[in-house]
Amino acid sequence: MTVSEKMMANAIRALSMDAVQAANSGHPGMPMGMADVATVLFSDFLKFDPKAPKWADRDRFVLSAGHGSMLIYSLLHLTGYDRPTMQDIKDFRQLSSPCAGHPENFKLDGVEATTGPLGQGFAMAVGMAIAERHLNAHFGNDLVDHKTWVIAGDGCLMEAINHEAVGLAGHLQLGRLNVLWDDNDITIDGGTDLSTSEDIPARYRASGWHVVSCDGHDFDDIRRALKEAEADPRPSLVACKTIIGYGAPTKQGTSATHGAPLGDEEIAGTRGALGWDHAPFVVPDDVSAAWRALGDKGGEAHADWAGRLAGHSDKAEFERRMAGALPDGNAMQDYLEKLAKDPPKVATRKASEMALGAITAALPDMIGGSADLTGSNNTKTPSTKPLTKDDYSGRYIYYGIREFGMAAAMNGMALHGGIIPYGGTFLVFTDYCRGAMRLSAIQNTRSIYVMTHDSIGLGEDGPTHQPIEHIQSLRAMPNMHVFRPADAIETAECWALAIKRANGPSTLALTRQGLPPIRHDVSVNHCEKGAYRVKAAEAEKRVVIVATGSEVSLAMDVAAQLEAAGHGADVVSMPCTELFDEQSEDYRNDLLGSAGLLRISIEAGTTFGWERYTGLDGLRFGIDSFGASAPIDDLFAHFGLTADAITPQIIEKIG
């Protein structure tokens with residue numbers, strides 16, 4: 001007997017409610033409500049091959065409503081991915097299982113993005129859709145011709161980032177992006193009418209989207225709507241009217257199914273209502289076989305694609321890009337050697353633009369952009385023409401004033417593969433980007449954040465735009481490399497390290513003001529160890545000064561005054577504390593000096609955290625208040641960040 005779609009969907013419902021019950025934790029309602037939609041999607045629309053989960057031309061499926069993680073875990077298991085196993089599902093939300101409370105891309109093949117913070121999965125899917133169109137423009141339909149599918153809930157559509165993502169996708173007319181909205185009228189607090197009266201379809205239509213609706217429990221109607229979405233040249237929102245917790249006799253349609261186990265009695269009633277008379281975690285053979293047949297079906301499409309790839313003239317380049325490997329060549333070293341012959345006095349944002357000129361010319365993987373600050377961030381180069389709805393081959397995205405949406409789209413591009421994204425705004429506006437930057441770090445994505453105007457050095461714009469706590473707060477983020485280069489050579493070296501780093505994000509904190517060169521040697525990348533000695537003490541060493549960015553040249557001035565007074569001073573540039581912390585104890589001790597030496601830090605930001613390098617007995621020069629509106633020189637004098645203000649305090653300390 002042919003297995004019905006309803007019975008296949010009920011397998012998802014049963015696994016979801018059983019896993020949540022076993023864990024005594026989780027969200028059964030969404031998987032139970034969207035099981036019918038997901039069954040149609042995986043049966044008739046999604047292009048995937050469980051035996052080749054990294055197949056470059058697979059469709060991307062993003063569960064933006066990540067709290068409903070048992071939906072994707074059930075689908076991956078049922079369609080034949082190696083994991084999760086049934087034991088993994090039984091151990092849902094336990095330390096031993098890859099079935100985390102919210103899906104994590106690095107734990108399971110088939111999970112394209114780490115989701116859970118609502119709205120970000122949707123916004124990352126926009127980046128994936130951009131990546132697909134861009135790579136298609138370069139490699140053609142034979143190698144790149146796939147879609148991005150998203151399941152999103154009411155919360156995803158309420159979050160502010162959704163407005164940014166929707167606007168960008170509509171503007172770029174990303175017709176390969178289809179969002180399936182779990183339109184169930186329920187949030188944790190209760191009905192959506194408690195908190196919103198928004199006409200969501202009208203908002204999407206106004207943003208250039210195609211909108212269609214369906215009964216989320218009528219398989220034929222779901223199929224009709226998805227066909228319409230697939231055919232439309234615009235991005236599509238499919239409003240799937242569903243019942244949360246579908247099948248639960250007393251709790252379906254209520255917030256009681258959203259974020260808590262159903263309970264034994266309700267689960268027993270659900271089994272009866274669904275006609276599912278199987279024990280927990282048991283899927284009958286015929287249902288299991290029907291699901292596995294869907295997984296096997298994708299193997300044919302994959303084999304056809306592999307045949308096209310094998311004979312394609314761009315095979316090697318395509319495989320290199322999708323693997324995230326860098327091309328052979330010495331473009332950066334050639335640039336550095338040329339730069340070292342006559343290092344300029346420039347702002348590091350300008351030095352970044354100069355380095356990017358060489359990088360983007362040699363590395364077609366790079367797609368840049370800015371959140372409406374292109375001229376200030378210096379992120380556009382001659383090699384990066386605009387990426388538009390009329391020309392997806394471009395390599396520069398005008399994101400508009402959408403910092404959060406930009407950062408999330410960058411993550412999506414990086415996760416898709418074939419692209420190394422970078423994007424710029426002012427450092428102070430990392431506050432807007434932070435949620436996506438954190439997911440960059442969690443997901444190990446090679447997203448590069450170009451954050452300019454990194455201190456009070458931006459001058460008259462005042463405290464609203466002057467970062468104080470920002471650099472240290474980013475350094476506190478696990479797996480985020482924060483680079484604050486001191487001159488044009490360090491800037492280029494930091495760019496080289498950020499691009500080389502394939503397993504995590506990087507932030508470049510760059511100045512508005514011009515900085516003098518601090519060295520000419522480019523025989524090795526001195527920034528690679530996070531910190532290095534710029535100047536060795538001439539007189540008997542009494543002091544080690546550690547500085548970053550614009551304050552390295554200030555540290556050199558302080559050291560000169562100390563030497564003139566007979567006090568030997570080392571100067572250490574520390575462009576990346578994270579890399580320095582990874583070095584051997586011998587290397588770190590050699591730079592920071594032995595006991596008895598006075599250690600000093602200078603950075604035009606909070607002094608918080610610098611005691612880990614100076615010790616409690618050291619001196620820390622910085623700013624532990626908000627900034628002020630004034631010209632740069634007046635500000636540095638006002639906050640005591642001048643050689644004449646710092647040197648006497650050091651001399652007094654060393655006696």
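## Cysteines

The model contains 0 disulfides, a disulfide being a pair of cysteine sulfur atoms within 2.5 Å. The sulfur of Cys99 is 20 Å from the closest cysteine sulfur, in Cys156, which is too far for a bond. Cys494 is likewise in no disulfide, with the sulfur of Cys527 4.0 Å away as its nearest. Cys494 has 0% relative accessibility and counts as buried (buried means under 20% relative accessible area, exposed over 50%, partly exposed in between; 1.4 Å probe, protein chains only).

## Basis of the model

This is a predicted model, in which local features need pLDDT of at least 70 and side-chain atom pairs count only at pLDDT 80 or more, while totals for chains, interfaces and linings use all residues. Residues are numbered from 1 along each chain as its sequence is written, and side-chain values use heavy atoms, with hydrogens and water left out.

## Salt bridges

The structure holds 39 salt bridges, each a side-chain nitrogen of Lys or Arg within 4 Å of a carboxyl oxygen of Asp or Glu. One of them joins Asp296 to Lys51, with the closest N and O atoms 3.1 Å apart. Asp296 lies in helix H11 (residues 285–310) and Lys51 in the loop between helix H2 (29–45) and strand E1 (60–63), so the pair ties together parts 245 residues apart in sequence. Helices (H or I, at least four residues) and strands (E, at least two) are DSSP runs, numbered from the N terminus.

Asp220 and Arg223 also form a salt bridge, at 3.2 Å between the closest N and O atoms. Asp220 is exposed at 58%, whereas Arg223 is buried at 15%.
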